[in-house]
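Here is a brief report on a predicted model.

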Amino acid sequence: MIKAVMVMNTQGKTRLAKFYEYLPVEKQQELIRGVFAVLCSRAENVSNFIDAESIFGLDSRLVYKHFATLYFVFVFDSSENELAVLDLIQVFVETLDRCFKNVCELDVVFNYSKVHTILDVMIFGGQVVETSSSEIMKAVEEISKLEAASNSIALIPKSASGWRSR
Amino acid sequence: MGSQGGFYQSKEFLDLVKSIGEARSKAEEDRIVLGEIDTLKRRISEPDIPKRKMKEYIIRLVYVEMLGHDASFGYIHAVKMTHDDSLLVKRTGYLAVTLFLNEDHDLIILIVNTIQKDLKSDNYLVVCAALNAVCKLINEETIPAVLPQVVELLAHPKEAVRKKAIMGFHRFYQKSPSSVSHLVSNFRKRLCDNDPGVMGATLCPLFDLITIDVNSYKDLVISFVSILKQVAERRLPKAYDYHQMPAPFIQIKLLKILALLGSGDKQASENMYTVVGDIFRKCDSSSNIGNAVLYECICCVSSIYPNPKLLESAADAISRFLKSDSHNLRYMGIDALGRLIKISPEIAEQHQLAVIDCLEDPDDTLKRKTFELLYKMTKPTNVEVIVDRMIDYMISINDNHYKTEIASRCVELAEQFAPSNQWFIQTMNKVFEHAGDLVNIKVAHNLMRLIAEGFGEDDDTADSQLRSSAVDSYLHILSEPKLPSVFLQVICWVLGEYGTADGKYSASFITGKLCDVAEAYSNDDTVKAYAVTALMKIYAFEITAGRKVDMLPECQSLMEEFLASHSTDLQQRAYELQAVIGLDAHAVESIMPSDASCEDIEVDKALSFLNDYIQDSIEKGAQPYIPESERSGMLNISKFRNQDHHEASSHGLRFEAYELPKQTVQSRIPPASLASTELVPVPEPMYVSESYPTTTVSSASSDAGSTELKLRLDGVQKKWGRQTHSPATSTSSTTSQKTVNGITQVDGSNTSNSRTRETYESRKQQVEITPEKQKLAASLFGGSSKTEKKPATGHKISKSSSYMVEKSHVPKSSMEIASEKKAPIQQPPDLLDFGEPTVQSNAPSVDPFKELEGLLEPTTEVASAKNHSSTAAATKSPDIMGLYTETPAGIHNKDDGDILSGLSNPPGTHMLGGTTRTQVAQSSKGPNLKDSLQKDALVRQMGVTPSSPNPILFKDLLG
């Protein structure tokens with residue numbers, strides 16, 4: 001199962017952090033710092049895999065991918081395949097790119113909840129449930145449409161279930 | 001750029017993000033965030049906030065918390081948002097609570113109801129949001145509240161809902177398998193879902209279920225194989241293609257499941273061969289995801305029942321991985337190789353070069369993976385190279401976690417495959433020096449034991465050479481600034497035992513060094529204790545040798561410090577040292593025999609050395625001792641005493657009339673009580689005063705003549721518990737009997753007493769038998785267990801001390817005799833004259849070739865290794881016999897010695913016990929095992945002569 005997904009920039013600022021097992025905020029920060037420390041020390045052109053047992057405890061692996069100013073980090077256990085997770089990152093980023101047209105770091109920052117929505121469609125409860133970029137897009141677009149609809153309705157009158165009539 | 005998502009963002013939030021982004025330092029960032037928290041705290045509690053504003057505040061809160069600041073003040077608002085009717089607000093609320101809360105948070109109780117309602121909603125997005133929360137926030141107790149709805153949703157028309165319901169259900173199963181066990185069949189049903197996405201998602205819980213219990217899912221093999229076949233044949237919608245691969249993630253999951261199901265199951269595996277072979281062919285090895293599937297195929301092939309054709313394809317794929325330029329692929333290749341060599345070890349050979357490349361690669365991840373592979377393929381032939389490499393790497397890294405792991409692996413490999421003891425010691429020194437505090441203390445004890453036992457084949461040269469080289473190296477190492485505590489303990493111990501043994505260093509030099517250690521590491525009590533005991537040993541050896549002991553001034557001041565130490569252990573050791581120095585040479589020698597650390601100290605639990613003393617005392621009229629369990633009526637006493645206490649406590653507080661404790665008293669006191677005159681008012685005096693009963697007893701016992709009276713007394717006295725054992729009642733036979741170790745009793749007046757004594761006597765006999773039985777068992781089974789163990793472990797260090805405990809029953813003197821006998825046999829130069837023809841004739845015949853060629857051929861190596869074990873077994877049997885026949889003599893010797901030492905200088909024995917015994921307990925070994933292992937080591941040494949800078953690295957590693 002996937003234990004955590006993190007997105008951080010090359011300065012170590014967290015842009016997104018989602019832990020699929022509950023951890024207190026302080027612990028999360030500690031882990032994020034630990035991950036960043038390891039990522040910084042990695043040379044270019046080395047593998048994308050890191051043995052994460054010293055940070056996350058037994059049976060944990062870490063795969064990261066570096067895009068422009070962002071590191072995308074997935075932490076998972078032995079039930080996943082490293083190369084496949086690397087491609088999962090690719091799917092995630094491709095989807096973000098489709099969603100935001102030439103995604104950049106600021107898109108992730110400003111559309112925080114949308115990035116979460118995308119991630120929630122892909123990974124649910126630590127399990128990868130959707131790996132097709134177009135399917136994810138479809139789902140996300142539908143959500144956005146519905147939300148936008150309900151939002152505009154909710155803004156005008158205070159009708160109880162305006163979105164249902166859609 | 002930020003508005004493309006269609007989400008409303010205020011200027012404020014943009015500014016916040018921007019200013020955080022521009023913050024130069026963590027402090028500046030913190031200041032900004034704290035300011036933001038203040039603003040939010042104020043704003044969020046204002047009345048009548050528009051919903052979209054509220055939504056933004058919550059998003060900002062999430063953001064703040066992601067940056068590591070406490071946002072708990074806003075949790076309740078997030079919870080409130082989940083109650084909202086607006087989808088957008090509701091979803092934001094759910095997102096926030098899943099990020100903020102955990103399943104045991106107090107606020108969950110406010111959400112469960114909302115979740116229940118939302119799971120029934122018509123809008124599938126609301127249901128999805130609620131399922132999201134279910135996954136994260138429902139704990140074992142709240143599962144029943146939502147379980148029916150979630151199960152219902154498994155058949156929801158929307159596939160997204162079905163998918164999430166499956167995962168939520170899976171989550172329940174993970175949290176509390178028992179609560180959903182009756183519904184597990186739903187996972188199987190969903191496997192046949194029309195939607196490939198749902199089917200793929202179902203594979204996750206099935207994988208977990210199959211991991212736990214393979215057998216109940218064997219029937220699904222056919223289904224999985226046919227699904228995999230369909231996927232590979234591109235029967236799924238195009239949307240699932242990824243980089244021209246048909247649904248690779250589903251393929252990977254399926255292959256993982258098949259690997260589990262086919263493991264060790266020939267029939268199941270046969271069903272899989274075709275489809276796995278197909279995938280091998282179809283996989284596009286130019287894309288990343290293609291390789292991911294290939295790798296999963298290799299894992300599957302190495303897990304299921306082996307098929308030669310598939311193994312061949314797997315080996316091909318591995319070689320492609322390893323030849324790749326991509327670090328990722330090489331990493332996967334090394335990992336796959338590690339899996340495959342378990343089945344076909346020979347494939348490692350063709351990849352030697354690639355493996356070495358990976359080992360030298362600057363990429364740490366790859367390096368570690370390669371070490372893992374090397375660890376798996378370590379053999380006696382390549383252990384030196386591998387462990388050397390590991391140590392070099394261990395020295396070069398700072399990561400404590402991995403350092404510990406690699407250190408323990410080094411130790412494990414060294415213990416398992418060490419070619420010679422010398423090499424082992426050197427290796428251990430390196431490990432200790434660089435990772436000392438991270439290794440297990442047992443490893444240190446093993447090292448000490450090895451140094452103490454030495455090679456044994458040549459007492460005067462090899463052994464002392466080893467020791468003096470150890471002493472030399474340790475004296476050298478001591479000059480380094482900061483050494484790990486464990487290593488210092490070893491150093492102190494070795495310096496104490498062997499520092500002055502070869503005469504190279506003077507006692508004052510060694511003691512000076514030891515004092516330096518104790519001073520330099522003055523906050524480590526264990527090291528100091530080791531140092532003091534080492535000092536004591538040095539001084540003891542000096543006294544024994546007849547030299548005058550001059551304590552260095554620094555040593556004296558150290559002792560003074562320790563004598564006043566807060567650590568009782570240190571204090572005791574210091575006093576012991578003082579006491580030893582004051583004794584004469586003869587006494588010191590028996591306390592601290594030189595080079596005797598390997599000899600067993602037999603603990604005479606029966607204290608038989610006191611027999612004479614007791615006999616004397618008894619003849620002088622002392623009462624024999626009765627062990628507590630044998631004292632008649634002991635049980636009753638304790639029972640009674642309990643009752644007594646109970647009553648006493650209750651009566652201690654109230655002063656009004658009390659009811660007579662009729663039943664108890666009646667049961668204790670025989671009905672025909674004659675002595676009732678004195679004893680009937682029992683309860684009353686008891687409460688009046690505590691001392692009163694004593695006088696009663698003494699008066700009763702003073703006229704003790706008739707047994708009947710005593711019997712009655714018996715019953716009564718028990719009531720007063722403790723006093724019955726006071727000296728005042730010494731003549732009262734029931735209570736004051738003292739028997740010491742089976743000495744015949746003086747007093748035998750009471751019938752019940754004599755009965756107890758009989759049983760005691762018989763039990764005593766049993767007790768006497770057991771040590772002999774144990775000895776027999778130890779010499780027979782201890783020996784046999786060793787022969788069993790030996791070939792498996794191959795090195796003496798790897799013995800656990802589990803049977804050492806038994807072994808310690810073997811008397812020390814018999815050990816000495818045995819080892820003395822062995823020693824002359826083992827003079828190495830003329831090997832051909834040996835009693836054991838097989839080993840000796842074999843070893844030298846192999847040896848010269850090897851030395852000439854500087855090469856090792858694996859086959860001869862194996863052969864000679866076999867010889868070791870067989871001869872080791874052969875040499876063992878006579879030893880066992882010898883040990884057994886010598887045992888009785890040993891016992892006598894031992895006893896005498898114990899009486900002497902036990903009576904003359906008890907502190908002395910204690911001192912020995914203080915530190916030496918702890919090591920001895922572990923180092924105690926029968927001579928047979930030791931010698932055979934020494935032989936083993938010798939033969940290895942001759943056969944395997946390692947040329948340290950080995951030019952043929954690959955040969956060594958992989959040959």
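The model is predicted: local features need pLDDT of at least 70, side-chain atom pairs count only at pLDDT 80 or more, and totals for chains, interfaces and linings use all residues. Residues are numbered from 1 along each chain as its sequence is written, chains are lettered from A in the order written, and side-chain values use heavy atoms, without hydrogens and water.

**Interface.** Chain A puts 70 residues in contact with 81 residues of chain B; contact means heavy atoms within 4.5 Å. The buried area between the two chains is about 6,700 Å², and carbon and sulfur atoms give 58% of it. Buried area is the accessible area (1.4 Å probe) lost on putting two parts together, summed over both. The rule finds five salt bridges across the interface of chain A and chain B, each a side-chain nitrogen of Lys or Arg within 4 Å of a carboxyl oxygen of Asp or Glu. B:D363 pairs with A:R42 in a salt bridge, with the closest N and O atoms 3.1 Å apart.

**Core.** The largest nonpolar core holds 292 residues, and A:F92 and B:F224 have the most contacts inside it. Such a core joins buried Ala, Val, Leu, Ile, Met, Phe, Trp, Tyr and Cys residues through side-chain atoms within 4.5 Å. Among the residues that A:F92 touches are A:V7, A:L16 and A:M122.

**Cysteines.** There are zero disulfides over all chains; a disulfide needs cysteine sulfur atoms within 2.5 Å. The sulfur of B:C283 lies 5.4 Å from the closest cysteine sulfur, in B:C297, too far for a bond. Buried means under 20% relative accessible area (1.4 Å probe, protein chains only), exposed over 50%, partly exposed in between.

| Buried cysteine | Relative accessible area |
|---|---|
| B:C128 | 5% |
| B:C283 | 11% |

Key. Lists of a residue's contacts leave out its neighbours within four places in sequence.
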